[in-house]
Amino acid sequence: MLFIKYSIIILASSGALAGVIIGLKNLPASLRTCKENEVSGFMMLPFVFSPLSQIVYSVIMGALISSSIEKNGQDQAVSSKVIIIGLVIGLIFMLSALAKSYIGKRACRIISTTGKGFHKYLMICGFAETMSIFALVFGLIALKLG
């Protein structure tokens with residue numbers, strides 16, 4: 001049970017932290033460009049820290065999986081279906097966080113040079129966020145059916 005719960009959290013957290021590191025690595029150069037072009041640097045913070053929402057989803061999914069296992073009375077012997085569901089959903093959370101980080105990296109570069117396109121890149125980040133919300137919902141449905 002602990003393996004499934006913590007594997008989801010570890011996968012999503014590693015993806016989210018890698019995404020934040022990717023965003024923070026490019027932030028100083030973007031801030032310098034913002035100063036040169038007189039663009040507000042605060043516009044880039046939502047893109048840099050947006051992958052952190054995957055950690056919240058992973059904690060929710062881990063809690064729901066552990067409650068589902070405890071409700072069924074499977075403390076030691078967990079079915080392989082639940083393990084696969086947990087690993088696949090954790091992997092989707094990780095990939096969503098990495099996608100959001102690369103979108104955020106691109107958004108920081110474009111916004112710092114032109115000062116335009118904040119709403120467009122925020123909408124694109126919303127598409128990547130939707131992928132992880134769908135994974136959360138489909139995981140919940142798979143747990144209820146399984």
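User: In this predicted model, is Cys125 buried or exposed?
Analyst: The structure is a predicted model. The relative accessible area of Cys125 is 6%, and the cut-off for burial is under 20%. With that value, Cys125 is buried.

User: Which cysteine has the sulfur closest to that of Cys125?
Analyst: The sulfur of Cys125 lies 9.1 Å from the closest cysteine sulfur, which is too far for a bond. The residue holding that closest sulfur is Cys108.

User: What box do the C-alpha atoms of the protein fill?
Analyst: Of the 146 residues of the protein, 40% count as buried. Taken along the principal axes, the box filled by the C-alpha atoms is roughly 60 × 20 × 15 Å.

User: At what angle do the axes of helix α4 and helix α5 cross?
Analyst: Helix α4 covers residues 80-114 and helix α5 covers residues 118-145. Their axes come within 9 Å of each other. The crossing angle is roughly 175°.

User: What does that angle make α4 relative to α5?
Analyst: Angles over 145 degrees fall in one class, and the axes here cross at roughly 175°. That makes α4, relative to α5, roughly antiparallel.

User: How many nonpolar residues does the contact of α4 with α5 have?
Analyst: Sorted by class, this contact has three polar and three charged residues. The remaining class is nonpolar, and its count is 21.

User: Which residue forms a salt bridge with Lys100?
Analyst: A search of the whole structure finds one salt bridge. Its closest N and O atoms are 2.1 Å apart, and the cut-off is 4 Å. The partner of Lys100 is Glu129.

User: How many residues apart in sequence are the parts that Lys100 and Glu129 tie together?
Analyst: Lys100 lies in helix α4, and Glu129 lies in helix α5. The pair therefore ties together parts whose separation in sequence is 29 residues.

User: Are Lys100 and Glu129 buried or exposed?
Analyst: Lys100 has 2% relative accessibility and counts as buried. Glu129 has 14%, and the cut-off for burial is under 20%. Glu129, like Lys100, therefore counts as buried.

User: What kind of aromatic pair do Tyr57 and Phe93 form?
Analyst: The count of aromatic pairs comes to three. In the pair of Tyr57 and Phe93, the distance is 6.3 Å centre to centre, with 40° between the planes. Planes under 30 degrees apart would be stacked and those over 60 edge-to-face. The pair of Tyr57 and Phe93 is tilted.

User: Which helices hold Tyr57 and Phe93?
Analyst: Both Tyr57 and Phe93 are buried. The pair ties together parts that are 36 residues apart in sequence. Tyr57 lies in helix α3 (residues 53-72), and Phe93 lies in helix α4.

User: How far apart are the ring centres of Phe134 and Phe138?
Analyst: Phe134 and Phe138 are four residues apart in helix α5, a separation of about one helical turn. Their ring planes are at 25°, and the pair is stacked. The distance between the ring centres is 6.0 Å.

User: What is the relative accessibility of Phe138?
Analyst: Phe134 is partly exposed, with a relative accessible area of 47%. Phe138 counts as exposed, a class that begins over 50%. The relative accessibility of Phe138 is 53%.

User: What distance separates the C-alpha atoms of Gly23 and Phe49?
Analyst: Gly23 lies in helix α1 (residues 2-37). At 8% relative accessibility, Gly23 counts as buried. Gly23 and Phe49 are 26 residues apart in sequence, and their C-alpha distance is 7.6 Å.

User: What distance separates the C-alpha atoms of Ile103 and Tyr121?
Analyst: Ile103 is in helix α4 and is buried, with a relative accessible area of 18%. Along the chain, Ile103 and Tyr121 are 18 residues apart. Their C-alpha atoms are separated by 7.3 Å.

User: How far apart in space are Lys35 and Thr113?
Analyst: Lys35 is found in helix α1 and is exposed, with a relative accessible area of 72%. Lys35 and Thr113 are 78 residues apart in sequence. Their separation in space, C-alpha to C-alpha, is 9.8 Å.

Conventions
Residues are numbered from 1 along each chain as its sequence is written. This is a predicted model: local features need pLDDT of at least 70, side-chain atom pairs count only at pLDDT 80 or more; totals for chains, interfaces and linings use all residues. Side-chain values use heavy atoms; hydrogens and water are left out. Axes are lines fitted to C-alpha atoms, for helices over the stretch in contact, and angles run from 0 to 180 degrees between N-to-C directions. Helices (H or I, at least four residues) and strands (E, at least two) are DSSP runs, numbered from the N terminus. Angles under 35 degrees count as roughly parallel, over 145 as roughly antiparallel, 65 to 115 as roughly perpendicular and the rest as oblique. Ala, Val, Leu, Ile, Met, Phe, Trp, Tyr, Cys and Pro count as nonpolar, Asp, Glu, Lys and Arg as charged, and the others, Gly among them, as polar. A salt bridge is a side-chain nitrogen of Lys or Arg within 4 Å of a carboxyl oxygen of Asp or Glu. Buried means under 20% relative accessible area, exposed over 50%, partly exposed in between (1.4 Å probe, protein chains only). Rings of Phe, Tyr and Trp (its six-membered ring) pair if their centres lie within 6.5 Å; planes under 30 degrees apart count as stacked, over 60 as edge-to-face and the rest as tilted. A disulfide is a pair of cysteine sulfur atoms within 2.5 Å.
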